[in-house]
Amino acid sequence: MNMDSDSAAKGADEPDWLVDEPLERADAPAEPATAAPWRVLIVDDDVDVHVVTKFALSQASFQGRRLSFLHAYSGAEALDLLRSTSDIAVVLLDVIMETQDAGLQVARQIREDLHNSAVRIILRTGQPGQALEHRIIIDYDINDFWCKTDLTTRKLFTTVIASLRTYATLREAEQQVAELAAALAQCGNTPAAPAGGTP
């Protein structure tokens with residue numbers, strides 16, 4: 001966990017982000033207020049990023065469900081949380097952490113090793129580059145890519161809500177497929193009725 005005492009001083013020298021626009025709500029009364037929250041995993045080695053991101057999204061809700069935040073400060077921590085928590089809906093994933101491509105390796109392992117195709121992966125970086133961005137979008141199964149300085153409160157809100165909507169749709173489709181498979185299996189186990197009457 002990166003808890004360097006100079007993180008606040010470092011943040012003062014960098015451009016502000018996520019603080020310039022008011023946050024709106026995307027409430028839809030489809031589910032009761034007591035429904036389980038959507039789990040959002042923030043993965044970044046900068047503590048300030050965790051604090052600001054959570055604050056920016058603290059009032060957000062979707063389909064009557066608020067957001068619940070999990071925190072990881074390295075790629076290894078992120079993968080541990082993803083292995084132990086099956087209902088993470090969105091991962092806000094820093095590219096550069098313990099290595100220059102730690103976030104990219106996490107994204108690859110989520111899809112290839114954990115076989116998690118539902119979770120939405122939003123990459124964030126403080127060091128953008130056009131060629132790098134194009135390669136990442138093509139080579140990795142991610143859902144969005146942002147430079148941190150471009151990701152205002154409104155853009156973050158919109159991106160996360162859109163990701164939650166897609167996640168919910170995918171989970172619903174998975175549930176329907178599972179129910180259909182169970183129904184088909186049940187039909188296969190049902191004895192066939194006699195073909196004709198008694199002679």
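Modeller: Rings of Phe, Tyr and Trp (its six-membered ring) are paired if their centres lie within 6.5 Å. The model under discussion is predicted.

Colleague: How many aromatic pairs does the count come to by this rule?
Modeller: A pair of aromatic rings is described by the distance of the centres and the angle of the planes. By the rule on ring centres, the count comes to two aromatic pairs.

Colleague: Is the pair of Trp38 and Phe62 stacked, tilted or edge-to-face?
Modeller: The ring centres of Trp38 and Phe62 are 5.8 Å apart, with 40° between the planes. Planes under 30 degrees apart would count as stacked and those over 60 as edge-to-face. The pair of Trp38 and Phe62 is therefore classed as tilted.

Colleague: How many residues apart in sequence are the parts that Trp38 and Phe62 tie together?
Modeller: Trp38 belongs to strand β1, whereas Phe62 belongs to strand β2 (residues 61–62). Trp38 is buried at 5% relative accessibility, and Phe62 is buried with a relative accessible area of 5%.

Colleague: What angle lies between the planes of Trp38 and Tyr167?
Modeller: Trp38 and Tyr167 form an aromatic pair with a centre-to-centre distance of 6.3 Å. The pair is edge-to-face, and the angle between its planes is 85°.

Colleague: Which elements hold Trp38 and Tyr167?
Modeller: Both Trp38 and Tyr167 are buried. Their pair ties together parts that are 129 residues apart in sequence, because Trp38 lies in strand β1 and Tyr167 in helix α6.

Colleague: Which residue has its charged end over the ring of Trp38?
Modeller: Ring pairs link Trp38 with Phe62 and Tyr167 into a cluster. Over the ring of Trp38, 3.7 Å from its centre, sits the charged end of Arg65.

Colleague: Turning to charged pairs, how many salt bridges does a search of the whole structure find?
Modeller: A salt bridge requires a side-chain nitrogen of Lys or Arg within 4 Å of a carboxyl oxygen of Asp or Glu. The search of the whole structure finds eight.

Colleague: How many residues apart are Asp44 and Lys148?
Modeller: Asp44 forms a salt bridge with Lys148, with 2.7 Å between the closest N and O atoms. Asp44 is in the loop between β1 (38–43) and α2 (47–56), and Lys148 is in the loop between β6 (144–147) and α6 (153–189). Both residues are buried. The pair links distant parts of the chain, 104 residues apart.

Colleague: Is Arg108 buried, partly exposed or exposed?
Modeller: Arg108 forms a salt bridge with Glu112, the closest N and O atoms being 3.4 Å apart. The two are separated by about one helical turn because they are four residues apart in helix α4 (residues 102–112). Glu112 is partly exposed at 47% relative accessible area. With 29% relative accessibility, Arg108 also counts as partly exposed.

Colleague: Which helix holds both Asp139 and Arg135?
Modeller: The side chains of Asp139 and Arg135 meet in a salt bridge at 3.8 Å, N to O. Asp139 is partly exposed at 42%, as is Arg135 at 37%. The two residues are four residues apart, about one turn, in helix α5 (residues 130–139).

Conventions: Residues are numbered from 1 along each chain as its sequence is written. This is a predicted model: local features need pLDDT of at least 70, side-chain atom pairs count only at pLDDT 80 or more; totals for chains, interfaces and linings use all residues. Side-chain values use heavy atoms; hydrogens and water are left out. Buried means under 20% relative accessible area, exposed over 50%, partly exposed in between (1.4 Å probe, protein chains only). A charge sits over a ring if NZ of Lys or CZ of Arg is within 6 Å of the ring centre and within 35 degrees of the ring normal.
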